[in-house]
Amino acid sequence: MNKKSKIILTLLIILIIVIGIFILIKNENDINQDNYSNIANIQDESNENITTKYEIKDLGTIECEKIGLNAPIKETVDLDVLSTAVGHFEDTALYNGNVCLAGHNSGTNKNGEDIGFFKKLNELEIGDEIKYHHMFGQYIYKVSEIKEIEETDVSVLESTSSDKLTLITCIKNKSKLRLCVICDRI
């Protein structure tokens with residue numbers, strides 16, 4: 001075999017390996033996307049369990065067993081988004097850094113569905129765990145700080161070098177204040 005044939009054969013082998021790796025990565029991503037959903041068991045008025053399945057088409061889901069929180073997360077905190085999901089503040093981190101989310105603590109949407117995803121956020125205590133499921137896996141956070149902030153206080157949305165989850169909702173009968181729960185990734 002001459003030198004030119006060896007080079008062509010080597011290039012073909014490299015090409016086949018690259019194509020194989022690409023196919024493996026694509027199949028793995030497809031499997032992860034197909035399997036990525038979150039299921040919440042809730043009770044209806046007759047105390048029967050109803051299973052609600054949230055398909056992950058946006059950012060992920062947030063879950064806290066202590067307060068029965070299991071909700072989809074969508075991009076932006078626009079009112080139309082908050083009527084169907086917890087909203088992500090667009091200019092904050094998606095996975096690493098300070099992930100900031102907002103949600104209603106009461107109300108129903110136009111379909112009569114409960115949109116008070118953060119209705120029991122005020123029951124959280126320091127040390128409680130919250131899970132953030134996203135397309136790269138799951139992060140677990142522990143509540144490290146709970147405080148009331150002014151509705152105009154955006155300092156809690158600032159970037160951080162450590163991984164945090166910041167949850168914000170309204171406070172009943174205090175229209176100018178927001179409940180802010182800050183969690184550290186563990």
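Q: Is Asp184 buried, partly exposed or exposed, and what value decides it?
A: Relative accessible area decides it: under 20% is buried, over 50% is exposed, and partly exposed lies in between. Asp184 has 26%, so Asp184 counts as partly exposed. Keep in mind that this is a predicted model.

Q: Which side chain does Asp184 meet in a salt bridge?
A: Look for a Lys or Arg nitrogen within 4 Å of a carboxyl oxygen of Asp or Glu. Here Asp184 meets Lys164, at 2.5 Å from N to O. This pair links distant parts of the chain. Lys164 is in strand 9 (residues 164-171) and Asp184 is in strand 10, 20 residues apart.

Q: How many salt bridges are there in the whole structure?
A: A search finds 9. Another one joins Lys174 and Glu148, with the closest N and O atoms 3.3 Å apart. Lys174 sits in strand 10 (residues 174-185) and Glu148 in strand 8 (residues 137-150), 26 residues apart. Lys174 is partly exposed, because its relative accessible area is 37%. Glu148 has 46%, so Glu148 is partly exposed too.

Q: Which residues are linked in a network of salt bridges?
A: A network joins several charged side chains. In this structure Lys66, Glu125 and Asp128 are linked that way.

Q: Where does Lys119 lie, and what does Lys119 touch?
A: Start with its place in the chain. Lys119 lies in the loop between strand 6 and strand 7. Then list its neighbours, leaving out residues up to four places away in sequence: Lys119 touches His104, Asn105 and Asp114. With Asp114, Lys119 forms a salt bridge, the closest N and O atoms being 2.3 Å apart. The side chains of these two residues also count as a polar contact, at 2.3 Å.

Q: Why does Asp114 count as partly exposed?
A: Apply the cut-offs again. Asp114 has 41% relative accessibility, so Asp114 falls in the partly exposed class. Lys119 is partly exposed as well, because its relative accessible area is 42%. There is also a separation to note: the C-alpha atoms of Lys119 and Lys172 are 9.9 Å apart, while the two residues are 53 places apart along the chain.

Q: How do I read the overall layout of the chain?
A: Count the elements, then follow their order. This chain has 2 helices and 10 strands. Along the sequence the pattern is α-β-β-β-β-α-β-β-β-β-β-β. Next, check how far apart in sequence the contacting residues are. Among contacts between residues at least 6 apart, 48% join residues at least 24 apart.

Q: What should I look for in a nonpolar core?
A: In soluble globular proteins, nonpolar side chains tend to be buried together. The largest core here has 28 residues. Those with the most contacts inside it are Ile62, Ile130, Leu165 and Leu167. Several strands each supply at least two residues, including strand 3 (60-64), strand 4 (69-75) and strand 6 (98-102). The largest share, 4 residues, comes from strand 10. Apart from this core lies another, of 8 residues, among them Phe89, Cys100, Val156 and Cys180.

Q: What does Leu165 touch?
A: Leave out residues up to four places away in sequence. Among the contacts of Leu165 are Ile62, Val99, Ile130, Tyr141 and Val181.

Q: Which strands pair with strand 3, and in what sense do they run?
A: Count the bridges and check direction. Strand 3 and strand 4 run antiparallel, joined by 5 bridges. Cys64 stands opposite Leu69 in strand 4. These two strands form a hairpin with 4 residues between them, and Gly68 in the turn has a positive phi of about 70°. Strand 3 also pairs with strand 7, antiparallel, over 4 bridges. There Ile62 stands opposite Tyr132. Strand 3 is mostly covered, with 4 of its 5 residues buried.

Q: Is His133 buried or exposed?
A: His133 is found in strand 7 (residues 129-134). Its relative accessibility is 12%, so His133 counts as buried. Its side chain makes a polar contact with the side chain of Gln138, at 3.1 Å.

How values were computed:
Residues are numbered from 1 along each chain as its sequence is written. This is a predicted model: local features need pLDDT of at least 70, side-chain atom pairs count only at pLDDT 80 or more; totals for chains, interfaces and linings use all residues. Side-chain values use heavy atoms; hydrogens and water are left out. Buried means under 20% relative accessible area, exposed over 50%, partly exposed in between (1.4 Å probe, protein chains only). A polar contact is a pair of N or O atoms within 3.5 Å; within protein, one must be able to donate a hydrogen and the other to accept it, and residues adjacent in sequence count only if both atoms are side-chain atoms. Contact means heavy atoms within 4.5 Å. A nonpolar core is a set of buried Ala, Val, Leu, Ile, Met, Phe, Trp, Tyr and Cys residues joined through side-chain atoms within 4.5 Å. Two strands pair if DSSP finds at least two bridges between them.
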